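Dear colleague,

I am handing over the structure we spoke of, and my notes on it follow directly below. Please read them with the coordinates open beside you.

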Amino acid sequence: MSGQLFAVVGPSGVGKDTLMAQACARLPGLVCVRRVITRDAAAGGEAFDSVSERVFADMAARGDFALHWRAHGLRYGIPVAGLGPLARGERLLCNLSRGVLREAAATFPALMVLHVTARADVLGARLAARGRESTDEIAHRLARTAALPDGLNVVYIDNSGPLEDGVAAMVRALQSVSA
Ligand SMILES: Nc1ncnc2c1ncn2[C@@H]1O[C@H](COP(=O)(O)OP(=O)(O)O)[C@@H](O)[C@H]1O
Ligand SMILES: O=P(O)(O)OC[C@H]1O[C@H](OP(=O)(O)OP(=O)(O)O)[C@H](O)[C@@H]1O
């Protein structure tokens, strides 16, 4: 594979999907990988393919996913087909679980991790404003912590402040890595 895969990770509400969409809109040749999720199609947020638990299990068994994981009572998959552009030298952004990074780096040795961070006090407010989850679900998301494995290629992006600053930091990080 001659392209570059970027894994975007960080706590719930930090702005991963928002920064990804903005970066893909601004940088020609950068593509956001569409995930398969067992979430209701009407939930809103990122553009994703909504499937039932049964369909997801069948896809996983067939080997349709390059990576898949469980979180928040949902299953998430990165379809092998969505990574096709890598072979054409394209740059892809993927929203991943921190728990799947070791496997991702083993599968894609050139993986670059973009770790989005924000002050703890802004996360809850952002999740509430997003309005996709119930109060209970938001509390569970805020309680979830995860350390990044050692030995990865990681760039930190602070999205505590105005969105424009976060987008600029993300764009700088992406531009610093040549394809
Ligand atoms: N820098 C920012 N300032 C204010 N609101 C933001 C900022 N970044 C993201 N948001 C908002 O916060 C909410 C959570 O962002 P989202 O991209 O869904 O986060 P994640 O994918 O990390 O859970 C969304 O409503 C989004 O519009
Ligand atoms: O293991 P973690 O690193 O905590 O990540 C768990 C999951 O949380 C996020 O999902 P999702 O996009 O549904 O949630 P979010 O938008 O609230 O971050 C992320 O994309 C992972 O799928």
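In this predicted model, the axes of helix α5 (residues 120-130) and helix α6 (residues 135-143) come within 10 Å of each other and cross at roughly 150 degrees, and the crossing in which α5 passes α6 is right-handed. On the α5 side the contact is made by Leu123, Gly124, Leu127 and Ala128, which meet Ile138, Arg141 and Leu142 of α6. Sorted by class, the residues in this contact are five nonpolar, one polar and one charged.

The shell has 16 residues, of which Gly15, Lys16, Thr18, Arg126 and Arg130 are the closest, and its make-up by class is four nonpolar, eight polar and four charged residues.

Turning to helix α1 (residues 16-26), Lys16, Leu19, Met20 and Ala23 are buried there. These residues lie on the same side of α1, because the arc that they cover around the axis is only 100 degrees. An α-helix has 3.6 residues a turn, so residues three or four places apart point the same way. The elements that cover the buried residues of α1 include the strands β1 (4-9), β2 (30-32), β7 (91-95) and β8 (112-117), together with helix α7 (163-175).

Two loop residues may be worth a look as a pair. Asn159 sits in the loop between β9 (154-158) and α7, whereas Leu152 is placed in the loop between α6 and β9. Is each of them buried or partly exposed? Asn159 counts as buried because it has 24 C-beta neighbours inside 10 Å, where 20 or more are needed, while Leu152, with 16 such neighbours, counts as partly exposed.

Leaving aside neighbours within four places in sequence, Asn159 is in contact with Val14, Gly15, Leu19, Val116, Ala118 and Gly166; of these, Leu19 is one of the buried residues of α1, and Gly15 is among the residues closest to ligand 1. Asn159 and Ala169, ten residues apart in sequence, are 8.2 Å apart in space from C-alpha to C-alpha.

Conventions: Residues numbered from 1 in each chain as written. Chains lettered and ligands numbered in written order. Predicted model: local features only at pLDDT ≥ 70, side-chain atom pairs only at ≥ 80, totals over all residues. Buried ≥ 20, exposed ≤ 12 C-beta atoms within 10 Å, placed from the backbone. Helix = DSSP H or I, 4+ residues; strand = E, 2+ residues; numbered from the N terminus. Arc of directions from axis to C-beta. Contact = placed C-beta atoms within 7 Å. Axes fitted to C-alpha atoms, helices over the stretch in contact; angles between N-to-C directions. Left-handed = near helix turned anticlockwise from the far one by under 90°. Nonpolar A, V, L, I, M, F, W, Y, C, P; charged D, E, K, R; others polar. Near = placed C-beta within 6 Å.
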